[in-house]
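Subject: Structure for you to look at

Hello,

Please find the structure below, followed by notes on what was found in it.

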Amino acid sequence: MTLEFLVASAIGVLVAGGIYLSLRARTFQVVLGLTLFSYAVNLFLFASGRLTIDRPPILQKGVTDYADPLPQALVLTAIVITFGMTALAVVLSLRSFLETGSDQVDGNECAGDQDDCSDVTAEPHG
Amino acid sequence: MSAASHLAIAPIVIPALAAPIALLVMRRRRWLGVGIGFASCLAMLAAALILLVAAGDGTIRTYELGEWPAPFGIVLVVDRLSAIMLTLAASLSLIALTHAVITRADRKGWHFHSLFQFQMMGLNGAFLTGDLFNLFVFFEVLLIASYGLMLHGQGPARLKAGVQYVIVNIVGSSLFLIALGLLYALTGTLNMADMGLRVAAIAPDDQSLLRVAALLLSSVFALKAAIVPLHLWLPRTYAVSSPAVAALFAIMTKVGVYAMIRVIPQVFGDDAGAAAWVPAPYLLPAAIVTAIVGFAGVFVARELSEQAAYAVIGSTGTLMIAVAGWQQDTLGAAIYYLVHSTFAGAALFLVADIVARRRASYADRAVPGPMFQQRQLLALLFMGAAIAATGLPPLSGFIGKLLILRSVTDVAGWGWAWGAILGTTLIGVIGFARTGSAIFWKEAEASAGYQPPPVSSADLTAPIMALALLAGLSAGAGPVTDYGTAAAEQVLDRAATARAVLGGR
């Protein structure tokens, strides 16, 4: 198995899981989904500078092959931003749950026959 | 570098300094924090106006951060379009801030003024930057500040809408990053002008990836601009935000439109091979549907704030119909209508608020209520805002729509565009007439214990400011459209921008 295949399939699996979870009805799953999705995006950004092994990312004498340093800087920025956004999403979901008494993204309490709605009443409230 | 050349970065630096200072002084002396907020907005307006006059001669000024030469460093680009957007943002911020302070919306929670300034920093940065990743960063700055502003004052409804707004935008930002990663992998640059030159030389095998990147990037901008089918986040978010904030948010959808006008011709223009104008064929149908959905929402909305939110969607649709022509006169008309529709949207939110403040429990719902303070004056203001939003004479919306109708006649499918614009105008007029007559003409018996709240007339200031600007925009339509058309010419002239940004390289 090549490195490319490994990285590409990892990104693919993360994106698939992230999108599936992001489309769920409850905020906890959505936050997890967003986290997975942002991991995938960070990996993808990192790979956009091509996959290289054992190459220096900075200028050195006598070295002609470099790892592209720019995506690493971009990933750093992206990680900081997505980490902050995830923290905000967590706090907001918690606050929304405490204030509205519902952890559904659309704010509706257990509408219809959703299977993951069954234990809403059993949720500890403080 | 002389002091004057540093002016280009002033619209970013001023709010970046004002925000933390306001944060520090707010706890001890409220009025000082408020004063800093106003001073910053005025300074931004002054800087924007100087840049507007300077950009009028047609030169494209660049500002290289840390004097790192483009394309290696981040570069700010001031051309006519950027200058227009900066001026628009600064004027709108003054109106929104005035309303927030007068209605005391800024006292409902902590840090309103800091968040407001950071929001301005993000907006101004997005309008100035010539670097695609930097655009992403400034998008994030303005989004993060907008989360804070949107949730300002809190309450269950706002939190509920806030969760959705944040989630939608995090997904949007992730998609933005994927598009950026693709573009960087293909071109090896993030500078927009440089990227525009390099897409021409992309290997045939990679053309499909380039098309994916182009469409992904356009989808992200369409999400920010709330174009159908990516508009669903907007109505609830804007309707529950505090009105001063919603008035400022009127420019947020325009940031998405601006990003499209900036990036698509520059990067995916004529020379981009298989990716040339890839997003273009999808934009006109999407814009037409957006206009219809928006004004249909205006027609069925049951609250003035909800109606204003749908009017923002509808006006973005009308705007995109013009943008989707991608010719000099359609873009020129679009830029004029962009300025107009931002103020018109803001005026609607502000009028909805001053009505709601006087009607106590009836709020801004379109149901007859008891007589309230200054009803005739408010009815006049509402009529003004509604006329502006639907595009009837004498306000600038009429001129804007006329310009769009005239310019799109040589675009394929212009019949649909005409039908959509004229039809939605009619639907919009009926919608506003319906809510207006329910609130201002009919009168219901006051229920027992109903006490109309005493409200000072000071809160009329901000809506009157917005309407006065709209009147000014129609009086000065000649110079503004000339400037807009010249800005459109500059945007479409990719070679000139590339020369200005990259110098002799």
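What percentage of the 505 residues in chain B do buried residues make up? They make up 60%, where buried is taken as 20 or more other C-beta atoms, placed from the backbone, within 10 Å of the residue's own.

This is a predicted model, in which local features need pLDDT of at least 70 and side-chain atom pairs count only at pLDDT 80 or more, while totals for chains, interfaces and linings use all residues. Residues are numbered from 1 along each chain as its sequence is written, and chains are lettered from A and ligands numbered from 1 in the order written.

Chain B has 20 helices and 2 strands (DSSP runs numbered from the N terminus: H or I of at least four residues for helices, E of at least two for strands). Its C-alpha atoms fill a box of roughly 75 × 60 × 40 Å along the principal axes. Among contacts in chain B with a separation of 6 or more, 81% join residues 24 or more positions apart (contact: C-beta atoms, placed from the backbone, within 7 Å).

Between the chains, 26 residues of chain A are in contact with 20 residues of chain B. On the side of chain A that touches chain B, the elements giving two or more residues are helix H2 (27-47) and helix H3 (69-100) of chain A. H3(A) gives the most, with 14 residues. That side divides into 15 nonpolar, 9 polar and 2 charged residues (nonpolar: Ala, Val, Leu, Ile, Met, Phe, Trp, Tyr, Cys and Pro; charged: Asp, Glu, Lys and Arg; polar: the others, Gly among them).

Regards

Terms used: Contact = placed C-beta atoms within 7 Å. Buried ≥ 20, exposed ≤ 12 C-beta atoms within 10 Å, placed from the backbone.
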